[in-house]
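Have the structure open beside you as you read.

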Amino acid sequence: MCGIIGYVGTKKCTPALIDGLKKLEYRGYDSAGIAVVQDGQIVRVRAVGKVAELEKAVAQDKPQGTCGIGHTRWATHGKPSEENSHPHTDCSGEIVVVHNGIIENYLTLKEKLQTLGHKFQSETDTEVIAHLIEENLKHTRSGSHEQRLFRAVMKTSAELHGAFAYGVMWAKTPRQIIGVKNQSPLVVGLGKNENFLASDVPAFLKYTSKVLFLEDGQTAVLTPDGVKLYGMDGQETKVKTTKISWDEKTAEKGGYKHFMLKEIYEQPQGLEDTLRTAREDFGRILGLKTTDLRNIKNVYLVACGTAYHAAMIGKYYLENFAGVTASVDLASEFKYRTIPPAENTLCIAVSQSGETADTLGAVKKAKELGFKRLAICNVLGSGLTRACNSVFFTHCGPEISVASTKAFTSQIISLYALAIFLGHASGNISQKVFNKLYKELMAVPKAVADTLKIEYDVRHLTKKIYKSDRFIFLGRNVDYPIALEGALKLKEISYVSAEGFAAGEIKHGPISIIDKGTPVLILMPKNLLFDKMLSACAECRARGAFVIALTTPDGKEEAAAVSDKQIIVPQASEYLQPVLDIVALQFFAYWVAKRLGRDIDQPRNLAKSVTVE
Ligand code: F6R
């Protein structure tokens, strides 16, 4: 996720900017840049790659000045490149902007600004902010430069749609930075004769621990002498500061003990950000000649690990909503099995990183077979996005923890969105059905936020069983891949044996491994298959298992009669229930591993991105 830093004070700002960017590196990024007001002009230095590259470029250009902004970019609009790196400028090069988030109406704004004569230099949504401020400044002629910039920024913010946080500097106001927050993070650090703007506290914690957390819709005006805060109506509001007692490492994790836990909690936001662009993006993808999705008859889903489990759920969605035949392959297997050539075939590759060697290999084979290729991916500019005809981005932000959590849920809802848009476009589902499914989909971020409340119960439950050397997870239908994912999550971070099965399969063999006290987690939301799951509980209990029923409020009583413990998650529609169920299992894995004292964010033998075959 992009990182913002700004400094205005009495000292030279470049060291504080570089320092801040280094502290924001943990958020993930592909390029970085700074801009400084020097002798009434903007000096801008940007570089692709690590902050170390920027530091080398800065050493050559040596921007001097006491007011500056910087940025680490995680590409969302336009590939990682120097032109697309922030800060971005207006036509005059006097206004510079750094931004985190997505400007949803940027294309409309860009076209409007272009007709007014504005020339754009990048593919980013951010650049429209700089040009829009330039345009709005033309209509705010009275008052000081500082007052004019403030009014132009207020007007600009009102014209932007989406979730964003941005920082602005103008060559004519060398003692002022303005920051705006709307649904993306932005904080202010208050120092002595110096103030800071940042996406996150670690960026300036070395200099000050006095922090002002901006609220959505607020605009902060920073000068060396102080900070003023304004609401959306332009009225000044009271500045309430907080004293931070975190050390730098805790601050990086937003106060959470591990990135994994932080990322579990980031899921409602990640889902909302992913869904925000779904209608427009799938509209574009479905309209593409290169994939001709409306005529697709067969789909091969390919992926590895957690992404493979999302792909498994995608098969249910595509067959049920889009009415196409879909099969799922582990990417490493797809590469080496015989696949008959077929017309109107689409290969969907699902990957967080977009750099997994096996998935890239599978896509290469799909290309050789003449299949169209669609990537569902979290990293713009990655190998996978280049190897496919079209891409849908999961906007859940960079995932730092090796164990994937928020990428998984964003992959599931992306596949759901794809299936219903495709089903609607091909006439497989009516407008009425589509509307209902779409409404249910849009309700998922809030339902996940409600599900997060079960952490305490799950944590408590693990106390009794965390020392078990074997865990079993059972699910059916769309919850079968969730059982597999729950087991994978647990084994990768706790190093104990965990297996997931389709509930109907246990009697065909796996039941023999159930012993007295073996914890068996049974996914049994109250839906059509609930009664079958009650039987699974009884079968396991009869063999001495410690049965934990994961159910919904309506199933609580019946589940309690056949299980030892219950985890109650909110009820969603049958096909979206997995997104809520997995949250409980993510907490489960986290708390077992935590109690065992494992290295949760960096489990042994594992890498975040597996770039070798
Ligand atoms: C598990 C995990 C891995 C990845 C797999 C694919 O928590 O993170 O199983 O899901 O290596 O990675 P991507 O999605 O980057 O292709």
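Strand β2 (residues 31–38) and strand β4 (residues 67–73) run antiparallel and are joined by six bridges. Within this pair, Val36 has Gly68 of β4 as its bridge partner. Please keep in mind that this is a predicted model.

**The antiparallel sheet**

- β2 and β4 belong to an open sheet of eight strands, in the order β3-β2-β4-β1-β10-β9-β11-β15, with antiparallel pairing.
- At the edges you will find β3 (41–48) and β15 (242–243), each of which pairs on one side only.
- Helix α2 (residues 51–61) lies across β2, β3 and β4, and runs at about 140° to β3.

**The parallel sheet**

- Another open sheet has five strands, which pair in parallel and follow the order β22-β21-β23-β24-β25.
- Its edge strands are β22 (497–502) and β25 (565–568); each has a single partner strand, so one side of each is left without a neighbour in the sheet.
- On average, neighbouring strands of this sheet are turned by 20° against each other, direction ignored.

**A closer look at β24 and β25**

- Strand β24 (residues 546–551) runs parallel to β25, and four bridges join the two.
- Which residue of β25 is the bridge partner of Ala549? That partner is Gln566.

**The helix on the parallel sheet**

- Helix α18 (residues 480–494) packs on this sheet, where it touches β21 (470–475), β22 and β23 (519–523).
- The direction of α18 makes about 175° with that of β22.

How values were computed: Residues are numbered from 1 along each chain as its sequence is written. This is a predicted model: local features need pLDDT of at least 70, side-chain atom pairs count only at pLDDT 80 or more; totals for chains, interfaces and linings use all residues. Side-chain values use heavy atoms; hydrogens and water are left out. Two strands pair if DSSP finds at least two bridges between them. Axes are lines fitted to C-alpha atoms, for helices over the stretch in contact, and angles run from 0 to 180 degrees between N-to-C directions. Contact means heavy atoms within 4.5 Å.
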